[in-house]
Amino acid sequence: MTVAGRHIAIIAPPTAGHINPLVALGTSLVAAGHRVTLVHMADVAAMLPRGDVAFAPLDHPADRQGLLAEHYRKLAQPSGPVGLPRMIRSTAAMTELLLAALPATLTRLGVDAVVADSVEPAGALVARHLGLPFVTAITGLPLLREPMIPPPFLGWAYRADALGRNRNNGGYAVSDLLMRPVTRIVTTYAQLWGLDPDPQQQWSDRLQIAQCPAGLDFPRTALPPSFRYGAPWRLDEPVDEVPESDGRPLIYCSLGSLQGARRSLFAAMTAACAAVGARAVVAHGGGLSDGDAASLPGDPLVRAFWSQTRILPHCSAAILHGGFNTVLDALAAGVPIVTVPLAFEQPATAARLKRIGAARIVSAADAARGGLEPALRLVLTDPGYRRAAGLLAAEMAMAGGAADAAAHVEAALRDDAAVTPARLDLAQDRAACAA
């Protein structure tokens, strides 16, 4: 078997924000002559668009119908003393399922390389266990630690001084403590498989390829030679009907795929748009009922989904929760942002947007008290915000997107003169599953 005929497995968290860009990357790899299969629990199959990237279920007793919906319910309420630990436990359980099931599944499929999302440690660990070459795909913010870079789930500003370093060290210590349920699972399987459990081993020394453009990230001084910044990985979206202009600027409003049921926050968004003489274009991801959608103030245009890359170039600004893919699409269109970060990496993304001057940040509490209107008015009237977004748009337009990322993946995998499909030590793997 030659490198040109690889069978590449994609391993990622089961959420649209990770799967959609990786499917775009996989589609470019298929166009280059490879076979690509996304592997996860059976319920994830419905998330894949029709296309060239195949899907394979885990075929494991713990993979039952409804498991994905249960996981989503926990992800939708990720904050507070109850919600955060519950979300982390659910994430740990997902990683444990993948570690238990992937070795046999990848062996059955004849996989000979892995694209492992940086947020899901099971992909890299199983690739190492099976002796498969792997590359790291970074669909969100780069998670590589550096002393001057704040933890990726905190909205701290960049500080290149001793205060910043000490603050970051404390933040990482708390983060490590919170993530112990995941770390324990990964360490257990690494030790059973005779592998180094050091988290640094999760990162490929062949290639770490990111959607994130360099201009959006904080300044870094210790990136490995295998790291590459990039631009959004997207499939071509269908042409969408652009609303007929009535003279009002359009404002794109989205809370992503997990937070779209927040009717009160959407109402604050659409009211702010109306107050500044604009019209909201709302994408709620299926989270609002027809009644909820109809009751939003300000005469908004409301759908579950819009073709995001098609509608954003017609918008004057965006009000977003700071989900990474929507932020990238807004920046790619040169659209300034008002961000209302809610959870996950959203506060950290917002801090980066503020640093480059492309966004205003409004807390969810301030949004409920009318704080969106002045922020939106400012990004619409101060040309500096659009200018900053335009600089990122120009950088991403030069980066090449999914096709360029696929070329980097191919080059990284070409280091092997021959390919050996996954082989499984069944006795060793049974011992791991029993643990």
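Cys-212 counts as buried because its relative accessibility is 0%, where buried means under 20% relative accessible area, exposed over 50% and partly exposed in between, computed with a 1.4 Å probe on protein chains only. The structure holds zero disulfides, a disulfide being a pair of cysteine sulfur atoms within 2.5 Å. Cys-273 is in no disulfide, and its nearest cysteine sulfur, that of Cys-253, lies 4.0 Å away. Cys-273 is also buried, with a relative accessible area of 0%.

This is a predicted model, in which local features need pLDDT of at least 70 and side-chain atom pairs count only at pLDDT 80 or more, while totals for chains, interfaces and linings use all residues. Residues are numbered from 1 along each chain as its sequence is written, and side-chain values use heavy atoms, with hydrogens and water left out.

Cys-273 also takes part in the contact of helix 7 with helix 13. Helices (DSSP runs of H or I, at least four residues) and strands (E, at least two) are numbered from the N terminus. Two packed helices are described by the angle between their axes and the distance between the axes. The axes of helix 7 (residues 263-275) and helix 13 (residues 372-381) come within 9 Å and cross at roughly 50 degrees. Helix 7 is therefore oblique to helix 13; angles under 35 degrees count as roughly parallel, over 145 as roughly antiparallel, 65 to 115 as roughly perpendicular and the rest as oblique. Axes are lines fitted to C-alpha atoms, for helices over the stretch in contact, and angles run from 0 to 180 degrees between N-to-C directions.

On the helix 7 side, Ala-268, Met-269, Ala-272, Cys-273 and Ala-275 meet Leu-372, Glu-373, Leu-376 and Arg-377 of helix 13, contact meaning heavy atoms within 4.5 Å. By class, this contact has seven nonpolar, no polar and two charged residues.

Helix 11 (residues 346-356) has several buried residues, among them Ala-348, Ala-351 and Leu-353. Their cover includes helix 10 (324-332), strand 12 (337-339) and strand 13 (359-361). Just after helix 11, Gly-357 takes a positive phi of about 85 degrees.

Where is Asp-59 found? Asp-59 sits in the loop between strand 3 (54-57) and helix 2 (67-75). Asp-59 has a positive phi of about 55 degrees although it is not a glycine, and is exposed at 64% relative accessible area. Asp-299, in the loop between helix 8 (290-294) and strand 10 (301-303), has a positive phi near 55 degrees. Asp-299 is partly exposed, with a relative accessible area of 43%.

Terms used:
Ala, Val, Leu, Ile, Met, Phe, Trp, Tyr, Cys and Pro count as nonpolar, Asp, Glu, Lys and Arg as charged, and the others, Gly among them, as polar.
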